[in-house]
Amino acid sequence: MAPGSTEPAQTASLRIRHITMISLGGVMGAGFFIGSSGAIAMAGPAVLLSYAVAGILIFFVNLILCDLLGRSPHRGSFVSQVGHILGPRYGFVMGWTYLLVWVTTLAAEIMAAASLLAPLVALPYWLLELLVLGSMTALNLASVRFYGEAEYGLSFTKVAAVVLFILIGGVALTTGHHVPGAAFAADGLFPHGGVAILSAVPIVVFSMAGTEIGTIAALDSDRPEKNIARLARTIAIRLLGFYLASIAVILCLLPWHAITPGHSPFLQVLDALHIPFANSIMTVVILAAVLSTLNSGLYAASRILRDVALAGNAPAALRATHAESAIPHRAILCVAAASAAVAASAILSPTMVFAFLVSVIGVFIIAGNMMIVLARLCLVRDGRRAALFTLTGLAAVLAAMAVDPRARHELGLGIVAIGGIFVLERLKARALPAPARGQSA
């Protein structure tokens, strides 16, 4: 296939071990190792219930997504499926909200990586950002198999670190140096009320966002349907175990109000336990996590951008794939450039574009999951209980955000942003002549 080819292309370069680690790689980034501090500050010790609720919802969304991909006669990513089943309007909104989530996430990870490297490398901050982004972009442009092997190594590093952290915390608790549950006693389990449990779910869901990357990566494997089904059954359960165990250890070893938002609670625990070289160890782990998320995010977002272009909702030039590797090189470069622009906006005007995008990400993710569930409900009539349960749970999270004054602002901005994307779709549809509209649908 020529570099300018616009036909869908798949390879069989990835194996199930790659796909599993890619799914973990898109999830366990700075949002987990650092962002968990914000969720703890919002819900207190009850954040454990927030993680449980988010994990259950993500588990059901993954099962529904697997069922959707297996039943639909249309082939392609879940964004293509939503557009095929719910119509081009929802496909447009689904595609662009998903891309905005990843572009913002990638920008945040770029800045996190540069911040970690700044004390170690005597280079300007902006140059560190470009070097980090450039290296991950080059890795994605090289080959799908090379990307998969690199992601396997990076993800294995952080998974091993989380397991080691849980073991260290378990030893500290069982040897009597710390009393299990003592951190819960100060203000009770619900210091901010029960509503805060659901209000913190979007933050938690953001830290878990990326499990769907496995379904995208599976399209580059030899048995996509079988690999997608296996991932849907296992990946969310594994993540829920990692997350719940880690957060439980943190809350048992530190008073929740001593955890500083924006700082790694994992590092705070290791410092409190006087673990030698804790700061250096966590710096390496968090850097590996950030690079892993960058790697997986570029991979996923570029494939979705190509799907969006194939649907007629982005420039046709972005449909192109490389002749030999079938890599969407133009889409990768476009996602990288957009992420760099958002990262630059965070430095030049932190209270405007970047702050707005960060505020709406949680609502975008919830809305995207709701569209996946709605697509499944519209596709077939049987097996609706799980889908209705999941849809009700997602709606309850949005309702809790409306009730909680601390989350109401983010909900309002998210609704306005999604409404704006719907308006853009209508303007685009009216600008196209009738034959072009039919082709893009």
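A salt bridge is taken here as a side-chain nitrogen of Lys or Arg within 4 Å of a carboxyl oxygen of Asp or Glu. The structure is a predicted model, in which local features need pLDDT of at least 70 and side-chain atom pairs count only at pLDDT 80 or more, whereas totals for chains, interfaces and linings use all residues. Residues are numbered from 1 along each chain as its sequence is written, and side-chain values use heavy atoms, with hydrogens and water left out.

Three salt bridges were found in a search of the whole structure. In one of them, the side chains of arginine 89 and glutamate 425 meet at 3.6 Å, N to O. Arginine 89 belongs to helix H6 (residues 88-117) and glutamate 425 to helix H18 (residues 405-431), so this pair ties together parts that lie 336 residues apart in sequence. Helices are DSSP runs (H or I, at least four residues), numbered from the N terminus. Glutamate 425 also forms a salt bridge with arginine 426, with the closest N and O atoms 2.8 Å apart. Through shared partners, Arg89, Glu425 and Arg426 are joined into one network. Residues are classed by relative accessible area as buried (under 20%), exposed (over 50%) or partly exposed (in between), with a 1.4 Å probe and protein chains only. Glutamate 425 is buried at 5%, while arginine 89 is partly exposed at 35% and arginine 426 is partly exposed at 31%.

Aspartate 67 and arginine 376 also meet in a salt bridge, at 2.4 Å, N to O. This pair links distant parts of the chain, 309 residues apart, with aspartate 67 in helix H4 (residues 47-71) and arginine 376 in helix H16 (residues 350-379). Arginine 376 is buried, with 3% relative accessibility, whereas aspartate 67 is partly exposed at 25%.

Among the buried residues of H15 are His329, Ile332, Val335 and Val342.

The structure holds zero disulfides, a disulfide being a pair of cysteine sulfur atoms within 2.5 Å. Cysteine 252 is buried, at 16% relative accessible area, and cysteine 378 is exposed, at 54%.

How values were computed
Helices (H or I, at least four residues) and strands (E, at least two) are DSSP runs, numbered from the N terminus.
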